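Good morning, and thank you for joining this group meeting.

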Amino acid sequence: MLRNREIQLFLLLQLLISVAATVITAIFFPIQAALILFITAASLMLVSFYFTKWRYREIEKLSSYLRKITNGDYSLDIRDNAEGELSILKNDIFKVTLMLSEQSSYLQQDKVRLTDAISDISHQLKTPLTSMVVMADLLSNPNLDPTKRKEFTHNIQVQLERIEWLVSSLLKIAKIDADIVQFKKEKVPANILVQHALQSVLIPMDIKQLSLEISGDETVTFQVDLNWTVEALINIFKNCIEHTDEGGAISISFTENALYTELTIEDTGKGIAKEDLPYIFKRFYKGKNAGEESVGIGLALSYSIIKNQQGDIEVKSEIEKGTTFRIKFYKQVI
């Protein structure tokens with residue numbers, strides 16, 4: 001503390017003022033008065049010195065605390081319920097420490113999620129890439145049967161389309177997670193929204209001869225981003241078609257009330273096992289009834305799109321009795 005030039009100057013001024021006051025008092029008043037003044041000034045200087053020393057010690061503790069925070073130690077607690085500027089400063093620093101601790105925790109979780117995502121992506125890409133390498137090697141054989149050549153070429157094309165869809169879906173999810181997607185708030189009629197989504201799945205439905213029933217008031221509207229919401233519905237429709245046997249049925253209905261607009265999608269398919277239901281929206285999760293070509297990313301993308309538009313989605317299902325998806329888009333944040 002004494003190495004501080006401000007403290008040196010402060011003590012020097014106090015000493016000069018005390019000596020000057022004592023000398024002047026000794027000249028104009030009895031020596032006893034001068035002595036009393038000197039003792040009083042010396043006592044005040046001593047009290048001031050120790051008080052300043054205490055404050056510097058407290059500041060030094062705060063400096064040490066901040067150094068520990070810089071090194072990633074957020075476990076210390078310096079909250080002080082006393083009054084005064086130092087107590088307020090301690091409490092403010094503690095609040096900042098809590099914020100930094102939470103941010104550090106979030107960053108750590110993000111690192112874990114990123115590591116898991118990279119691992120999952122590598123796993124998903126490894127199988128089709130290995131398959132294509134083998135088929136490409138076989139295609140290099142000039143004596144390969146033309147029928148087999150055509151079959152291998154078709155399979156490579158299918159695998160490339162699968163990889164393209166996977167990468168595209170993952171990029172969309174990454175954009176949503178990074179909050180760089182600006183979802184529009186459009187007033188979209190429910191029947192228009194459903195028809196747009198069905199356009200991409202009509203052929204698979206015809207192939208499996210699935211019947212389709214759509215019901216709901218034509219005045220029902222959704223406050224959503226049309227393109228992104230269509231993307232979410234397409235993935236749900238594909239899931240329903242994949243798990244519904246030939247000759248089955250899919251029904252779509254929509255309703256509206258003062259709080260939200262609801263879209264219900266039901267199928268008569270194989271259903272989802274009870275133990276799988278809590279995880280079907282988790283990325284790369286594949287349930288017991290999932291097909292071999294299933295990647296486990298479509299429903300995860302749908303979930304992200306719906307949730308980021310003040311929406312909610314729930315699933316009810318029974319084995320061999322079908323599955324019901326209920327999607328709600330709230331008209332205001334609740």
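**A walk through the predicted model**

Let me start at the surface. Leu15, Val19, Val23, Ile24, Ile27, Phe28 and Phe29 form a nonpolar patch there, and together they have about 720 Å² of accessible area. A patch is built from residues with over 30% relative accessible area and no salt bridge; nonpolar side chains (Val, Leu, Ile, Met, Phe, Trp, Tyr) are joined within 5 Å, and like charges within 9 Å. The areas come from the Shrake-Rupley method with a 1.4 Å probe, and for residues only the protein chains shown count as cover.

Residues are numbered from 1 along each chain as its sequence is written, and side-chain values use heavy atoms, with hydrogens and water left out.

Phe28 belongs to helix 1, residues 5-28. Helices (H or I, at least four residues) and strands (E, at least two) are DSSP runs, numbered from the N terminus. Is Phe28 buried or exposed? Phe28 counts as exposed, because its relative accessibility is 63%. The cut-offs are these: buried means under 20% relative accessible area, exposed means over 50%, and partly exposed lies in between, with a 1.4 Å probe and protein chains only.

Another phenylalanine, Phe38, lies in helix 2, residues 31-70. With 40% relative accessibility, Phe38 counts as partly exposed. Phe38 and Ser18 are 20 residues apart in sequence, and their C-alpha atoms are 6.6 Å apart in space.

I now turn to charged pairs. Side chains of opposite charge can pair when their charged atoms come close. A salt bridge here is a side-chain nitrogen of Lys or Arg within 4 Å of a carboxyl oxygen of Asp or Glu. How many salt bridges does this rule give? The count comes to six, and I shall present some of them.

One of them joins Lys172 and Glu231, whose closest N and O atoms are 3.0 Å apart. Lys172 is in helix 4 (residues 146-177) and Glu231 is in helix 7 (residues 226-242), so this pair ties together parts that are 59 residues apart in sequence. Lys172 is partly exposed, at 23% relative accessible area.

Glu256 also forms a salt bridge, with Lys331, and here the closest N and O atoms are 2.9 Å apart. Glu256 sits in strand 4 (residues 249-256), and Lys331 in the segment after strand 7 (322-330), so the pair ties together parts that are 75 residues apart in sequence. Glu256 is partly exposed at 35% relative accessible area, and Lys331 is partly exposed at 40%.

Arg326 forms a salt bridge with Glu262, with 3.9 Å between the closest N and O atoms. Arg326 lies in strand 7 and Glu262 in strand 5 (residues 260-267), so parts 64 residues apart in sequence are tied together. Arg326 counts as partly exposed, at 30% relative accessibility, whereas Glu262 is buried, at 12% relative accessible area.

Next, the packing of helices. The axes of helix 4 and helix 8 (residues 298-307) come within 10 Å and cross at roughly 25 degrees. Helix 4 is therefore roughly parallel to helix 8. Axes are lines fitted to C-alpha atoms, for helices over the stretch in contact, and angles run from 0 to 180 degrees between N-to-C directions. Angles under 35 degrees count as roughly parallel, over 145 as roughly antiparallel, 65 to 115 as roughly perpendicular, and the rest as oblique.

How do helix 5 and helix 7 pack? Helix 5 (residues 190-198) and helix 7 meet at an angle of about 60 degrees, with their axes 8 Å apart. These two helices are therefore oblique to each other.

Helix 7 also holds Leu226, which is buried, with a relative accessible area of 18%. The C-alpha atoms of Leu226 and Lys185 are separated by 8.6 Å, although the two are 41 residues apart along the chain.

Gln209 has a positive phi of about 55 degrees although it is not a glycine. Gln209 lies in the loop between helix 6 (202-207) and strand 2 (211-216) and is exposed, at 59% relative accessible area. Gln310, which is not a glycine either, has a positive phi of about 55 degrees. Gln310 is in the loop between helix 8 and strand 6 (311-318), and at 32% relative accessibility it counts as partly exposed.

Notes
Predicted model: local features only at pLDDT ≥ 70, side-chain atom pairs only at ≥ 80, totals over all residues.
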